[in-house]
2 protein chains.
Amino acid sequence: MISNSNIKLIKSLQQKKFRDELNLFVVEGEKMVQESLHWKSEYLVDLYHTIDFSINASNIDERKTNLISEKELKQISNLQTPNKALAVFRKWPNTSGKLPFYIALDGVQDPGNLGTIMRLADWFGVAKILCSKETVDCFNPKVVQATMGAIFRIEVEYVNLAETFEALELPIFGALLEGENIYSKSLNPNGILVLGNEGKGISEKIQTLIDFPISIPRFGEAESLNVSTAGAILLSEFFRKS
Amino acid sequence: MISNSNIKLIKSLQQKKFRDELNLFVVEGEKMVQESLHWKSEYLVDLYHTIDFSINASNIDERKTNLISEKELKQISNLQTPNKALAVFRKWPNTSGKLPFYIALDGVQDPGNLGTIMRLADWFGVAKILCSKETVDCFNPKVVQATMGAIFRIEVEYVNLAETFEALELPIFGALLEGENIYSKSLNPNGILVLGNEGKGISEKIQTLIDFPISIPRFGEAESLNVSTAGAILLSEFFRKS
């Protein structure tokens, strides 16, 4: 059973305004919810699930779990095909990352791209992503789903990039169309890799802060690469020798 | 102006059934339509555009161009934010690719992934993508948009993969979770790179045909990579020494 006020609350969390105000966000689907309970159960607020969902984690307070019908799940879901469970979480605080390697996103707009970059960061063991304030919200439901669980392990911080760069005192690498060939440069995961907006790239202000402009050589005719595939190739180059 | 029968025709092309039957498909948005006219004008069937769109190509038959209102564009568009122009194209025949390097997709389902992989292939100069019959249709409107123009340059062929592999007689590389470390293997763009379905990976039948199982080493905790970011990293490794 789910009350009308809770239906309204959950649906409001599709908007950034309410996620910020309430400090809550939503995780959906069998696999993602199991992962969320495994990694972040202490931040669980409410779990709604259908009868065919069984909780794998052992430390879940029963008062937080709610059995609902498929029809009720459909009412609160943001997915085209709702899948067994939906959980409301309190956002967790960041703990400090130890690896001296960060990804910085300067205005990435597409939720799928941010989610995919978080998943990449999780694969390569990057502890933290720094986002300019113009970057899409990492608790946006489409971002959460695209991370495939990386959101439970990767830190994302929204900052003034210029000020943060100054404070960190690390070498700054920027993905630009006219930079040094990444295949002939010796890269290792120490520094900050900046990726820019889908259409406009890295902003002028941030471009002036880049120590090492780097590029992926082009062998064919495409004008550019998608920011998440470019990020994949660059991360692979930073980590391949490590 | 646009007739009701043409509105109906264009909207029907959102479905594979009608794209196949009529041998037509749709390209949308200012930039994509300009690219389509530049690369494939000989296959243009009809161009619909608003008054603020100016045709850059010089060889466009005026009888094929139709000035329409924003409201009419909205009626025929498949985009959330229609953008100045929509073109109906005849599908063009494949010409034979010369590079002895192919990407083979075994059941990729997500239109964004196929479009992104086509864009990647275009960046690296891969001439042809072989798709299993279960792979999403490359003329699907979401695929066309995600290619960012690569669809006008990259060949995609839907085939029986097993039979085609046999006929091509090239070394077959497969992206698997337990293969040889790509960073220690000497790769060059001669052969076929197989990428699998988003959830299930490469099918059992195709796995038996792989000569060289290869993997991207994992440094962090993510369970897997998205197929298009994995493809990006692998293509980069194949081409980085060439």
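This is a predicted model: local features need pLDDT of at least 70, side-chain atom pairs count only at pLDDT 80 or more; totals for chains, interfaces and linings use all residues.
Residues are numbered from 1 along each chain as its sequence is written, while chains are lettered from A and ligands numbered from 1 in the order in which they are written.

**The interface between the chains**

- Contact joins 27 residues of chain A to 28 residues of chain B; two residues are in contact if their C-beta atoms, placed from the backbone, lie within 7 Å.
- Helix 5 (111–124) and helix 9 (227–239) of chain A are the elements that give two or more residues to the side of chain A that touches chain B. Helices (H or I, at least four residues) and strands (E, at least two) are DSSP runs, numbered from the N terminus.
- Helix 5 of chain A supplies the largest share of that side, 7 residues.
- By class, the side of chain A that touches chain B holds 11 nonpolar, 9 polar and 7 charged residues. Here Ala, Val, Leu, Ile, Met, Phe, Trp, Tyr, Cys and Pro count as nonpolar, Asp, Glu, Lys and Arg as charged, and the others, Gly among them, as polar.
- The copies meet through the same surface, because 100% of the interface residues of chain A are also interface residues in chain B.

**Helix 9**

- In helix 9 of chain A, 13 of its 13 residues are buried. A residue is buried if 20 or more other C-beta atoms lie within 10 Å of its own, exposed if 12 or fewer, and partly exposed in between, with C-beta atoms placed from the backbone.
- Helix 9 of chain B is likewise mostly covered, with 13 of its 13 residues buried.

**Domains of chain A**

- The domain assignment of chain A, which is automatic or from a database, gives domain 1 (4–90) and domain 2 (101–239).
- The contact takes 13 residues from domain 1 of chain A and 9 residues from domain 2 of chain A.
- Helix 3 of chain A provides the largest share of the side of domain 1 of chain A that touches domain 2 of chain A, namely 5 residues.

**The nonpolar core**

- The largest nonpolar core has 150 residues, and Ile103(A) and Ala121(A) are among those with the most contacts inside it. Such a core is a set of buried Ala, Val, Leu, Ile, Met, Phe, Trp, Tyr and Cys residues joined through C-beta atoms within 7 Å.
- Leaving aside neighbours within four places in sequence, Ala121(A) is in contact with Ile103(A), Val126(A), Ile129(A), Ala150(A) and Ile154(A).

**Individual residues**

- Lys84(A) has a positive phi near 70 degrees, although Lys84(A) is not a glycine.
- Lys84(A) lies in the loop between helix 4 (70–76) and strand 4 (85–90) of chain A.
- Gln14(B) is found in the loop between helix 1 (4–12) and helix 2 (16–22) of chain B.
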